[in-house]
Amino acid sequence: MKKLKVYTLTVIISALTFPQASRAANIAPPIETQVEEVAQWFTGLFNNVPQVASNPSVPLISMSNCKVKLQGVNSGEDTENIYLEQKSSAFERQRFYSFSSQNSELSLSVRSFLNAEGVSGLCDRPESERVVNISNIATASCDLLLMWEPNRYVGTNTPSGCSTSTGGKVVSDLSVFENRIESLDRIFDASGNILVATPIEFRRINPIPEPSLTLGLLAIGVWGVSSAHKCKQKKISFSTARDIS
């Protein structure tokens, strides 16, 4: 009889505890915590090797993202600035990403560099030298709001997107997980015709390591998938793909 009472009490406690834990897991953390967490998840060395292995028509892209110090302006305590660099056989791309709290919402601002060559390889440098001056960053930005969800941050600027220099627009979707980043840029021309719509599935290789290891890790990933491609086929037509523009 005593054992039955103990079992019954255990079941009652479990029934009360599990729903509370479940509800707690679905409560968004403070916005300051979100800014710090999404920036941490976004930094590191990434590539889309698994995606290319399963779909060779997708371009192989390596990506290095690292936190940087912004000179020439006070970006605020609740702002995390990140330098992004992507490389593939089709393009090279550098962008300045800012995660911040705007009116208690998680905002992402993406801007280009006026002199991209001056910041090339920034994540390969020592942490003390990862500095960007505001004078080298374009004024125009492509912005979107990110929403916290359990285990990820998601955002989109559908349907308006961001204007391009050719009169078209880029509509972006972004999902940031702890160890992967999924992005889709739909690029339209001035007539509304879609030019590019290739989803990219980045997977983390490593956090940003010491400079001497950075290029080696990226080279290993690129060499491995390139070797696999040569075995499968001699010619592959790559479509242009980008992350948020």
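Mentor: Tyr83 and Phe113 are both buried (under 20% relative accessible area with a 1.4 Å probe and protein chains only; exposed is over 50%, partly exposed in between). This is a predicted model, in which local features need pLDDT of at least 70 and side-chain atom pairs count only at pLDDT 80 or more, while totals for chains, interfaces and linings use all residues. Residues are numbered from 1 along each chain as its sequence is written, and side-chain values use heavy atoms, with hydrogens and water left out.

Trainee: Why is the pair of Tyr83 and Phe113 called tilted?
Mentor: The ring centres of Tyr83 and Phe113 are 5.8 Å apart and the planes are at 55°, so the pair counts as tilted. Rings of Phe, Tyr and Trp (its six-membered ring) pair if their centres lie within 6.5 Å; planes under 30 degrees apart are stacked, over 60 edge-to-face and the rest tilted.

Trainee: Which parts of the chain does that pair link?
Mentor: Tyr83 is in strand E4 and Phe113 in the loop between E6 and strand E7 (131-133), 30 residues apart. Helices (H or I, at least four residues) and strands (E, at least two) are DSSP runs, numbered from the N terminus.

Trainee: How many aromatic pairs are there in the whole structure?
Mentor: A search finds 5. One of them joins Trp41 and Tyr153, with centres 5.6 Å apart and planes at 65°, so this pair is edge-to-face. Trp41 in helix H2 and Tyr153 in strand E9 (residues 152-156) are 112 residues apart, and both are buried.

Trainee: Now the core. How many residues has the largest nonpolar one?
Mentor: That core has 27 residues, and Phe42, Tyr97, Phe99, Leu108, Leu146 and Ile181 have the most contacts inside it. A nonpolar core is a set of buried Ala, Val, Leu, Ile, Met, Phe, Trp, Tyr and Cys residues joined through side-chain atoms within 4.5 Å.

Trainee: Which element gives the largest share?
Mentor: H2 does, with 6 residues. Phe42, Tyr97 and Phe99 also form one aromatic cluster.

Trainee: What is Ile181 in contact with?
Mentor: Beyond its neighbours within four places in sequence, Ile181 is in contact (heavy atoms within 4.5 Å) with residues including Phe42, Phe46, Met63 and Phe202. Another core, of 11 residues, lies apart from the largest one, and Phe113, Val119, Val132 and Ile137 are among its members.
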